[in-house]
Amino acid sequence: MNTDTQEFQPNWGVHPGEILGGILDQRGMKQVELAQRTGLSAKHVNQIIKQTIGISSDVSILLERALNVQASFWNDLDTQYQAFESRRRAEAALGEYATWASRFDTGTLRLHKIIDAADTTITRAEKILKLFQVATPDAFTQTWLRPSVSFRRSQAFTVSEPNTALWLRLVERSALDVSVQPFNARKLRTVAKSIPTMTTMNVPDGFIAARAALAEAGVALTFVREVPGTRVCAATWWINGDRPAIGITERHRRHDTFWFNLLHEIGHIVRHPRRTSFLDLEGGNASDQAEAEANDFAAQTLFPGDSSDSIAQATTHREIIIIAARLGVGVPMVAGRYGNLTKQWKLVGRLRPSISDEEINALETIAQDAAA
C-alpha cells in the first residue's frame with residue numbers, strides 16, 4: 001500500500017473561465033443572459049470568460065444557482081488553477097536563480113546528497129534554497145552572508161562566501177544531530193583540560209573521545225570536510241542562541257593543526273560571551289583580540305607554564321619526543337609548536353604526519369553517525 005500522502009500537483013492548469021465558456025456554448029447561453037441570471041455585470045462575466053479574473057467564493061454560489069453546477073466545483077477549479085499559476089511563476093523565478101545556484105560547489109552538494117546529478121538548474125536552485133531554509137537569493141544574503149557569525153575574513157586570500165555559508169549550514173545541520181547535555185561552562189573548562197591526552201590517539205579515535213566529552217559539557221562537535229574556495233579551519237556556531245557547536249575541517253591535514261583548532265574554538269566558548277559565533281579562516285586577522293585570546297587559551301592548555309620555552313630550545317627529535325611524553329601530548333603537537341615558535345619546520349617535518357584520506361573518511365562517517 002502506498003503511504004505517500006504528498007498532494008498531487010499537476011503540471012497543467014485550466015482556468016475556470018475556460019470551463020464556464022464551454023458550459024455556456026453547450027447550453028446556447030449568451031454571456032449577457034448569464035449576467036442577468038446571476039446579477040453580475042456583463043463585464044464581470046466577460047472577464048471570467050476571457051480568463052483575466054478568477055471566480056471568487058461569492059461568485060461560485062451565484063453560478064451554482066444559475067447553472068446548477070456546484071459552488072465547490074468552481075472553488076476547487078479556481079484554487080487548483082491559482083496554485084498552478086503560482087508554481088509556474090515560482091519556477092520561472094527559479095530559472096533566474098540559476099547563476100546564483102551555480103556558485104555553490106557541486107561536489108559538496110552531491111557528497112551531502114543535497115542535489116543529484118540528474119537535477120535541472122531549476123531543481124538545483126530550489127534544493128539549495130530549501131537547504132538554507134530561505135525563499136530567495138536575497139533572503140539567503142540577508143540570512144547567511146550578514147549573520148550573527150563573526151566572519152574572520154582572510155586578509156591574504158579571497159574566499160567564496162556562498163561556499164563558506166554552505167559549510168556553515170552543513171555544520172549546523174550535522175550538529176543538530178549530536179545529542180548533548182545542557183551547556184555548562186564549568187564542565188567545559190574541565191573537558192578542555194582532558195583534550196591534550198586525546199592528541200596521543202589517531203585523529204578519528206581522538207575525535208570520538210573529544211565529541212563525547214564535549215557533549216557532556218553541552219557542546220556539539222562535528223566534522224565537515226572543507227568546501228573548495230573557503231579556507232575554513234573551524235567555527236564556533238551557537239545554534240538557536242543557546243547551544244554551542246564546533247565545526248572543524250581537515251585544513252592543512254596536520255594532526256597538530258587539527259587539535260589546536262579544536263582548542264581554539266573551545267577557547268572562544270570559554271572566554272567570549274554567549275551567542276557570539278566565530279568563523280576562523282586561514283589568513284584571518286591575527287591582531288583581533290578575540291582570536292588572540294582563543295590562540296592563547298589553546299596554547300596554554302596544550303603547553304602549560306614554561307613548556308613553550310623548553311620546546312623552543314629543543315635541538316633534536318629525541319628532545320621533542322621526551323617533552324611530548326612529559327606533557328602527555330602527541331609528538332606532533334610539540335613538533336608543531338616548535339615549528340611555530342622557531343619557524344624551523346624542516347627539523348620537525350617527519351614528526352608532523354599528515355591526516356590520511358582514510359582518517360578523513362572516518363571522520364565523515366563518525367560525524368554522519370552522530371544521531372545514532
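**View 1. The buried residues of helix α8.** In α8, the buried residues are Arg-124, Ala-125, Ile-128, Leu-129, Leu-131 and Phe-132; buried here means under 20% relative accessible area, with exposed over 50% and partly exposed in between (1.4 Å probe, protein chains only). Look down the axis of α8 and these buried residues fall within an arc of 155°, so they line one face of the helix. That arc is taken from the directions from the helix axis to the C-beta atoms. Keep in mind that this is a predicted model, where local features need pLDDT of at least 70, side-chain atom pairs count only at pLDDT 80 or more, and totals for chains, interfaces and linings use all residues. Residues are numbered from 1 along each chain as its sequence is written, and side-chain values use heavy atoms, leaving out hydrogens and water.

**View 2. Helix α8 and its neighbours.** Helix α8 covers residues 121-132, and its 12 residues reach 17 Å from first C-alpha to last, close to the 16 Å expected at 1.5 Å a residue. (That expected span is 1.5 Å times one less than the number of residues; helices are DSSP runs of H or I with at least four residues, strands are runs of E with at least two, and both are numbered from the N terminus.) The buried residues of α8 pack against α5 (71-96), α6, α7 (106-111), α9 and α10 (161-175), with contact meaning heavy atoms within 4.5 Å.

**View 3. Trp-100 meets Phe-140.** Rings of Phe, Tyr and Trp (its six-membered ring) pair if their centres lie within 6.5 Å; planes under 30 degrees apart are stacked, over 60 edge-to-face, and the rest tilted. By this rule there are 10 aromatic pairs. In one of them, the ring centres of Trp-100 and Phe-140 sit 5.5 Å apart with planes at 70°, so the pair is edge-to-face. Trp-100 belongs to helix α6 (residues 98-101) and Phe-140 to helix α9 (residues 137-145), so the pair ties together parts 40 residues apart in sequence. Both Trp-100 and Phe-140 are buried. They also belong to one aromatic cluster with Phe-104, Phe-132, Trp-144 and Trp-237.

**View 4. Strand β2, covered on both faces.** Strand β2 (residues 220-223) has Ala-220 and Thr-222 on one side and Leu-221 and Phe-223 on the other, all buried. β2 runs parallel to strand β4 (residues 243-248), joined by four bridges; two strands pair if DSSP finds at least two bridges between them. Phe-223 has Ile-248 as its bridge partner in β4.
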